[in-house]
Amino acid sequence: GLVLIGGPTGSGKTTTLAALVNEINRRDQRHIVTIEDPIEYEHAHLGSIVEQVEIGVDAPDFPTALRAALRQAPDVLVVGEMRDPETMRIALAAAETGHLVFSTVHTTDAASTVARIADSFPSERQNTIRQELSMALAAVMTQTLVPRVGGGLAPAVELLMIGYGARQHVRRNALQHLHQEITITRKHGSLTLEESLAQLVKSGTIDRQDALMRAAHLEEMEQLLR
């Protein structure tokens, strides 16, 4: 399946990606291939074998690196960034054929993350891509960094675990319903940005005012902070 991590520049997407790789590496015996430009975190072999491919050093571009990586039969593929339709197409195909694929996109929420992938293709291909996305997606997470009380930054996240409803919405391009889908799939681990911000406020990690500034759905945010 395909796991997408969205967020603006400097929101810690690469760090989250590295933490996920580290967790799989520590816990499982897998063959992991990461494709990055540049490599920011180096991974030792723990339980898994991790091969790190750097664009411009080990391969000329993402599509070439991805095709080469797939020939090595990896269990987990990490694509540093989905920059072009060709990379997206290969990553989607890999996710559909039983690989776990992680990648990052410059977006702000689940709906814009899915839209960004489909909209990168010519209009006549977009329907087909939406069909493929609806089958391949496993989860969409977006994150933003919020100033911590006392200094530093804390990540607030939105997480959508993809279920039957979300697949239908992606297929039909009814992406405005994905936010509602988060609340429906809460028992599977989904979380709205507002719930994440509220948890951070209640634990004293971030300031109430910062939470209200970052919230996408203000009414929901105010209700959670009551």
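Trainee: By how much of a turn are Glu-86 and Arg-89 separated in helix α3?
Mentor: In this predicted model, helix α3 covers residues 85–96, where a helix is a DSSP run of H or I with at least four residues, a strand is a run of E with at least two, and both are numbered from the N terminus. Because Glu-86 and Arg-89 are three residues apart in helix α3, the separation between them is about one helical turn.

Trainee: Which pLDDT must side-chain atom pairs reach before they count?
Mentor: Residues are numbered from 1 along each chain as its sequence is written, and side-chain values use heavy atoms, with hydrogens and water left out. As this is a predicted model, totals for chains, interfaces and linings use all residues, local features need pLDDT of at least 70, and side-chain atom pairs count only at pLDDT 80 or more.

Trainee: How far apart are the closest N and O atoms in the salt bridge of Glu-86 with Arg-89?
Mentor: A salt bridge here is a side-chain nitrogen of Lys or Arg within 4 Å of a carboxyl oxygen of Asp or Glu. Glu-86 and Arg-89 form such a bridge, and their closest N and O atoms are separated by 3.0 Å.

Trainee: Is Arg-89 buried, partly exposed or exposed?
Mentor: Buried means under 20% relative accessible area, exposed means over 50%, and partly exposed lies in between (1.4 Å probe, protein chains only). Glu-86, at 29% relative accessibility, counts as partly exposed. Because the relative accessible area of Arg-89 is 33%, Arg-89 is likewise partly exposed.

Trainee: In which helix do Arg-27 and Glu-23 both lie?
Mentor: The side chains of Arg-27 and Glu-23 meet in a salt bridge (4.0 Å, N to O), while Asp-28 also meets Arg-27 in a salt bridge, at 3.7 Å from N to O. Arg-27 counts as exposed because its relative accessibility is 57%, whereas Glu-23, at 31%, counts as partly exposed. Arg-27 and Glu-23 are four residues apart, about one turn of the helix, and both lie in α1.

Trainee: What area is buried between domain 1 and domain 2?
Mentor: The chain is divided into domain 1 (1–106) and domain 2 (137–225), with bounds that come from an automatic or database domain assignment, and the C-alpha centres of the two lie 24 Å apart. Contact means heavy atoms within 4.5 Å, and 13 residues of domain 1 are in contact with nine residues of domain 2. Buried area is the accessible area (1.4 Å probe) that two parts lose on being put together, summed over both. Carbon and sulfur atoms give 56% of the area buried between these domains, which is about 790 Å².

Trainee: Which residues of domain 1 lose the most area to domain 2?
Mentor: The residues in question together account for 45% of what the domain 1 side buries. Those that lose the most area to domain 2 are Leu-2, Leu-4 and Ser-11.

Trainee: How many salt bridges does the rule find across the interface of domain 1 and domain 2?
Mentor: Between domain 1 and domain 2 the rule does find residue pairs in polar contact, nine of them, with both residues at pLDDT 80 or more. A polar contact is a pair of N or O atoms within 3.5 Å; within protein, one must be able to donate a hydrogen and the other to accept it, and residues adjacent in sequence count only if both atoms are side-chain atoms. For salt bridges across this interface, however, the number found is zero.

Trainee: How many of the 10 residues of helix α8 are buried?
Mentor: Helix α8 (residues 193–202) is mostly covered, and what covers its buried residues includes β6 (137–147), β7 (153–161), α7, α9 (208–214) and α10 (218–224). Among the buried residues are Leu-193, Glu-194 and Val-201. Of the 10 residues of α8, the number buried is eight.
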